[in-house]
Amino acid sequence: MNGRTPRHSGMTLAAFLELPAVVRARPELAGSPDIADRYVRWVHTSEIYEIAPLLKGGEVLLTTGLGLVALTPEARRAYVADLARVGVAALALELGRTFHEAPADVVLEARRQGLPLILLHAIVPFIEITEAAHAILIEGELGALRLTVQVTDRLLDALATGAGLTGLVGQISETAGCIAALYLADGELVAGKAPAEQADTSEASVLLGDAEWGRLVLEAPDSSRIRAIL
């Protein structure tokens, strides 16, 4: 698992950096890594050196670096590598209290691991950043849950009226507002309409027991709404 792969409801790292509370902290992306496909699941604060085992991935970790100040360069590099290994979305290091500039070993290891390192050049209480981010993340989760309930109700109604696979896939297409297609595991189209060859699509596996029976494909780019429908 890493910060690039989870397909969950949340905000992009780019959107996190645009939050007013974060902007006031004057963020700088060290090394300017590609953050286009990074998603933030949660924002966490900690000064503990051995924090990685307590994280699940997808977090922006805010720290003043207090837990790193007395460590060797090798230990600081291990800290960054462990965070990258568990899949944090980014490490945000506040400058001005513990470190006046980012330790070179932290910067170099973050670049080597492909882990976005956000340097915060102005002091903004971490609680302001976490509250701003969590308000958006929680509202997104609630919106996805409401949409999931709506989709479920519509599909149950369709089943109650005797709709087969064609009817169910048609209902999904109507709800999503895009072409929907249901394929068997071998690639055979069994319901719906195949998306255009060059179209941007999103998909989910259809399971029968523990085995993949097929896959549902929507002709729509990935988004929290599309993920909820899938």
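Trainee: How many helices and strands does the chain have?
Mentor: Keep in mind that this is a predicted model, where local features need pLDDT of at least 70, side-chain atom pairs count only at pLDDT 80 or more, and totals for chains, interfaces and linings use all residues. Residues are numbered from 1 along each chain as its sequence is written, and side-chain values use heavy atoms, with hydrogens and water left out. Helices (H or I, at least four residues) and strands (E, at least two) are DSSP runs numbered from the N terminus. On that basis the chain has seven helices and eleven strands.

Trainee: What share of the chain's residues is buried?
Mentor: Buried means under 20% relative accessible area, exposed is over 50%, and partly exposed is in between, using a 1.4 Å probe and protein chains only. Of the 230 residues in the chain, the buried share is 43%.

Trainee: Which residues form the aromatic pair, and what is the angle between the planes?
Mentor: A search of the whole structure finds one such pair. Rings of Phe, Tyr and Trp (its six-membered ring) pair if their centres lie within 6.5 Å; planes under 30 degrees apart count as stacked, over 60 as edge-to-face and the rest as tilted. Here the pair is stacked, 5.8 Å centre to centre, and it is made by Y49 and Y79 with an angle of 20°.

Trainee: Why does the pair of Y49 and Y79 tie together parts that are apart in sequence, and how many residues apart are they?
Mentor: Y49 lies in the loop between β4 (42-45) and β5 (59-63), while Y79 belongs to helix α3 (residues 73-86), so the pair ties together parts whose separation in sequence is 30 residues.  As for cover, Y49 is partly exposed at 27% relative accessibility, whereas Y79 is buried at 3%. To come back to what you asked, the separation is 30 residues.

Trainee: Which residue lies over the face of Y183?
Mentor: A charge sits over a ring if NZ of Lys or CZ of Arg is within 6 Å of the ring centre and within 35 degrees of the ring normal. At 4.6 Å from the ring centre of Y183, the residue is R215.

Trainee: What covers the buried residues of α4?
Mentor: Helix α4 spans residues 104-113, and its buried residues are D105, V106, V107, E109 and A110. After α4 comes G114, with a positive phi near 70°. The cover on those buried residues includes β2 (27-30), α3, β6 (90-94) and β7 (117-120).

Trainee: What is the phi of R26?
Mentor: R26 sits in the loop between α2 (20-24) and β2, and R26 is exposed at 51% relative accessible area. Most residues other than glycine have a negative phi. For R26 the value is positive, near 55°.

Trainee: Which residues does R225 touch?
Mentor: R225 is placed in helix α7 (residues 224-229) and counts as partly exposed at 38% relative accessibility. Contact means heavy atoms within 4.5 Å. Leaving out residues up to four places away in sequence, R225 touches L147, T175 and A176.

Trainee: What separates the C-alpha atoms of R146 and G187?
Mentor: R146 is in helix α5 (residues 126-160), partly exposed at 46% relative accessibility. Along the chain, R146 and G187 are 41 residues apart, and their C-alpha atoms are separated by 32 Å.
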